[in-house]
Amino acid sequence: MSSPAHPTGPVASAPAPGGDHLLEPPLPYRMAPRLARATKNIQLQQFVATATRLKDTKRIASFEATFGDRLGAVRDLAASIKQHTLDHLDHYLEQFIDNAQRAGATVHYAADAAEARDICLRIARDTNSTLCVKSKSMVTEEIRLLPALEAAGVKTVETDLGEFILQLDGDAPSHIVTPMIHKDRTAVARAFVRELGAPYTEDPAQLTGIAREHLRGLYRRADLGITGANFLVASTGSVVVCTNEGNAGFCISGTRTHIVVAGIEKLIPGPEHLAVLLKLLARSSTAQPLTVYTTLITGPRKQHDPDGPDQGGVHIILLDNGRTDLLRRGGPGGAREILRCIRCGACLNACPVFRKAGGGHAYGAVYSGPIGAILTPSLKGLHNYPDLPHASSLCGACGDACPVCIDIPAHLIRLRAEMTGLGLPRGMRARKAVIALWTFLLKHPRLYRLAAATQRTILRALADDGPGAPDPMADRRWLSALPGPAAAWTQHRDFPTPPAADFRSWWTAHERARHGGRDS
Amino acid sequence: MTTRADFLARIRDALGRRAEGTPIPPPPTDIDTARTVPRSATDLPARFATAAAAVGMTVHRTPAADLESCLAAILRAAGARRVALALTPGMHRLAAESAARAAGADILPPPSSPGFEPHYDADASITDVAGAIAETGSLVIASGPHAPRAAFLVPPVHIAIVREDQILPDLADFFPTLTPNTLPASLVLITGPSKTADIEGILITGAHGPREVHAVLTA
């Protein structure tokens with residue numbers, strides 16, 4: 001896309017420092033205010049649409065070129081590997097813990113976000129760490145780790161380019177793989193001038209170079225590195241981290257202490273399963289055969305190794321934080337299969353609602369898009385996120401895109417059904433009343449016909465035919481403004497009236513004409 | 001504080017299991033379903049070269065006798081003045097040392113204390129590999145006494161010497177060979193120069209790691 005010669009105003013809504021409110025809004029979270037802002041921000045929608053459409057197209061092409069008609073079998077295999085691990089997670093976790101400890105890593109157990117933060121802070125304190133370099137990790141966003149470290153006096157720097165810029169801007173990621181899809185180069189240029197004292201440039205290569213040099217200065221002084229994990233390998237005790245920029249290498253190997261924060265769903269049985277899952281992960285995310293750096297860490301530096309974390313310097317924090325509640329619901333269609341997710345982001349890129357919503361901020365949580373719409377309510381409570389299961393047209397693109405065959409549309413429908421059971425949200429009551437009225441009318445044909453004729457007459461009388469001419473072929477007229485709650489429809493499009501005659505009259509006339517009036 | 005026992009008990013309870021040690025069925029083993037390069041493929045160097053070029057590496061193929069001049073030419077083209085060597089003692093190391101001398105570059109001393117430090121001063125590095133993958137064009141690099149992790153990450157130009165017989169067809173031939181006893185502390189598959197597309201999706205090479213990765217294939 002072309003870039004304006006002069007900096008323009010900010011594209012996303014001005015965030016509060018830290019971007020905390022974006023991912024940790026007051027609960028219950030309602031989507032409407034952010035959606036209203038996003039749907040009016042054409043530029044934001046264009047950024048998100050361009051970025052996601054391109055990745056979606058490239059993903060499909062790369063799978064076609066690599067696997068052809070075998071793709072279905074490969075996805076089924078990947079799904080069965082993850083599902084098998086989840087179904088026997090206690091076994092594989094024990095195996096992982098034993099092997100990781102044998103390799104010299106220290107394993108910690110965090111039941112919730114607060115405990116995970118406390119463990120990190122204790123490690124930082126025990127190692128006298130003052131400067132932490134951090135690689136991009138959604139789970140550390142989930143536990144709000146960075147503000148906790150900063151509050152405890154450990155300066156913490158996001159080193160992924162996108163996350164680094166978001167941190168400078170006090171903003172929050174809007175996509176789980178490519179966090180900065182809601183910003184353009186002018187926003188980066190302004191942030192670098194303001195926060196780093198860099199000369200103004202809009203050249204992405206120069207901007208990347210500025211960040212590279214700045215962060216190298218920090219890597220040289222950092223004493224603590226923090227990363228997430230893409231996989232935990234049970235039979236070897238290895239942690240697998242996939243990145244493209246190389247920043248994670250500095251956070252894993254360049255500091256004396258390395259903390260890994262990983263959700264328990266990251267387990268896989270053995271290294272052989274990486275041969276299947278890695279082939280799907282990078283292609284699903286960015287259409288690459290593999291990420292540039294696929295790193296397997298098995299314990300700290302060995303005795304004669306010239307670099308890597310100290311003996312006792314590798315800490316793995318296993319995080320539950322609501323995941324066992326999903327695990328509890330196994331069986332076909334149960335919530336357990338949501339934990340198969342490998343966070344590739346393919347469902348976000350495929351989703352028309354994600355595009356229209358201007359990216360992840362509209363979802364009010366760390367995990368956004370279709371997977372977020374089922375994961376967030378499952379982890380944080382349906383009553384806290386009553387709108388998310390409705391943030392979908394159920395077109396099915398997300399389910400088609402998922403490399404581990406999570407039936408996302410089915411989970412959306414299941415959550416909607418559960419919400420009805422809970423009597424949530426309040427809008428559901430109005431919907432129930434409408435359905436009750438409809439049921440009543442359908443059971444009383446005369447009343448139904450009377451009601452239909454009445455609404456036809458009223459709507460056609462109100463029709464103003466909007467800005468366009470009426471369609472002569474369709475015998476339809478148009479309403480450009482409906483009253484009351486129905487105004488939500490006409491804010492964005494006109495509403496068609498019914499034709500002058502209803503189907504029954506049309507059918508009677510049609511049949512009469514067909515039989516030439518012989519038998520009437 | 002949550003203990004290992006508490007943590008696992010909660011998971012066991014969620015899974016509806018009565019006790020630990022319940023026998024479980026074996027995990028899926030039909031890894032070959034995802035294979036894209038046949039185990040019997042005979043043109044592995046050519047396949048590797050194509051895949052590595054596709055992800056942005058520069059591939060050189062040279063007879064063993066010309067290894068030194070090939071390395072020297074890459075160092076000269078990169079304008080390298082200081083070179084880090086991460087090679088086990090042997091023919092490749094000797095060739096790399098001569099190449100550095102021929103290109104007029106100094107060889108960095110080994111690190112005096114654990115860490116990345118001397119590598120920030122290097123313009124280029126020359127490393128061995130533990131293997132390579134034809135399918136993806138990946139270099140496999142294992143940490144070890146002669147293989148600092150900084151070598152393939154910190155200098156802006158990384159040159160990796162790959163013996164053709166080190167190339168495996170597919171990821172499905174590589175990962176099943178890993179065991180707890182043979183795994184180094186760090187094992188990295190490198191698939192291209194470091195990259196980012198965070199700014200407007202525009203691909204930039206040389207994000208935090210090398211801008212150039214050269215794979216030198218030799219017999």
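# Briefing: a two-chain predicted model

In the largest nonpolar core, which holds 208 residues, Leu277(A), Leu71(B) and Leu75(B) touch the most other members. Helix 13 of chain A (residues 274-286) makes the largest contribution to this core, with eight residues. Domain 1 (35-87 + 343-422) and domain 2 (88-321) of chain A both supply residues to the core, so it lies between them. Please keep in mind as you read that this is a predicted model.

**Where the two chains meet**

- Chain A brings 84 residues to the contact between the chains, and chain B brings 65 residues.
- On the side of chain B that touches chain A, at least two residues each come from helix 1 (4-15), helix 5 (171-174), strand 9 (186-190) and strand 10 (195-196) of chain B.
- Helix 1 of chain B has the largest share of that side, at eight residues.
- By residue class, the side of chain B that touches chain A holds 37 nonpolar, 18 polar and ten charged residues.

**Domains of chain A**

- The domain assignment divides chain A into domain 1 (35-87 + 343-422), domain 2 (88-321) and domain 3 (428-514).
- Taken over C-alpha atoms, the centres of domain 1 and domain 2 of chain A are 23 Å apart.
- The contact between these two domains involves 31 residues of domain 1 and 30 residues of domain 2 of chain A.
- On the side of domain 1 that touches domain 2, helix 3 (42-67), helix 4 (71-87) and helix 15 (346-350) of chain A are the elements that give two or more residues.
- Helix 3 of chain A gives the most to that side, with ten residues.
- The side of domain 1 of chain A that touches domain 2 of chain A is made up of 16 nonpolar, ten polar and five charged residues.

**The parallel sheet of chain B**

- Chain B has an open sheet of six strands with parallel pairing, in the order 1-12-7-4-2-3.
- Its edges are strand 1 (58-62) and strand 3 (106-107) of chain B, each of which pairs on one side only.
- Five bridges link strand 1 of chain B in parallel with strand 12 of chain B (residues 212-218).
- Val59(B) has Ala215(B), in strand 12 of chain B, as its bridge partner.
- Helix 3 of chain B (residues 67-78) packs on this sheet and touches strand 1, strand 2 (82-86), strand 4 (124-127), strand 7 (157-163) and strand 12 of chain B.
- The direction of helix 3 of chain B makes about 170 degrees with that of strand 12 of chain B.
- Leu71(B), one of the core residues that touch the most other members, is in contact with Ala95(B), Ala96(B), Ala99(B), Ile126(B), Ile159(B) and Val216(B), leaving aside residues up to four places away in sequence.
- Helix 4 of chain B (residues 91-102) lies across strand 2, strand 3, strand 4 and strand 7 of chain B, and it runs at about 180 degrees to strand 2 of chain B.

**The parallel sheet of chain A**

- Chain A also has an open sheet of six strands with parallel pairing, here in the order 1-10-7-4-2-3.
- Strand 1 (106-110) and strand 3 (155-158) of chain A are the edge strands, each pairing on one side only.
- From one strand to the next, the twist averages 20 degrees.
- Strand 4 (residues 224-227) and strand 7 (residues 257-263) of chain A run parallel and are joined by four bridges.
- Thr227(A) has Val260(A), in strand 7 of chain A, as its bridge partner.

**Backbone details to check in chain A**

- Most residues other than glycine have a negative phi, and most peptide bonds are trans.
- The peptide bond from Leu27(A) to Pro28(A) is cis, with omega near -5 degrees.
- Pro28(A) sits in the loop between helix 1 (20-23) and helix 2 (32-40) of chain A.
- Asn321(A), which is not a glycine, has a positive phi of about 50 degrees.
- The loop between strand 10 (314-319) and helix 14 (323-327) of chain A holds Asn321(A), which is buried because 20 other C-beta atoms lie within 10 Å.
- Cys405(A) also has a positive phi, near 55 degrees.
- Cys405(A) lies in the loop between helix 18 (397-401) and helix 19 (408-422) of chain A, and it counts as partly exposed because it has 19 C-beta neighbours inside 10 Å.

Methods
Residues are numbered from 1 along each chain as its sequence is written. Chains are lettered from A and ligands numbered from 1 in the order in which they are written. This is a predicted model: local features need pLDDT of at least 70, side-chain atom pairs count only at pLDDT 80 or more; totals for chains, interfaces and linings use all residues. A nonpolar core is a set of buried Ala, Val, Leu, Ile, Met, Phe, Trp, Tyr and Cys residues joined through C-beta atoms within 7 Å. A residue is buried if 20 or more other C-beta atoms lie within 10 Å of its own, exposed if 12 or fewer, and partly exposed in between; C-beta atoms are placed from the backbone. Domain bounds come from an automatic or database domain assignment. Two residues are in contact if their C-beta atoms, placed from the backbone, lie within 7 Å. Ala, Val, Leu, Ile, Met, Phe, Trp, Tyr, Cys and Pro count as nonpolar, Asp, Glu, Lys and Arg as charged, and the others, Gly among them, as polar. Two strands pair if DSSP finds at least two bridges between them. Axes are lines fitted to C-alpha atoms, for helices over the stretch in contact, and angles run from 0 to 180 degrees between N-to-C directions.
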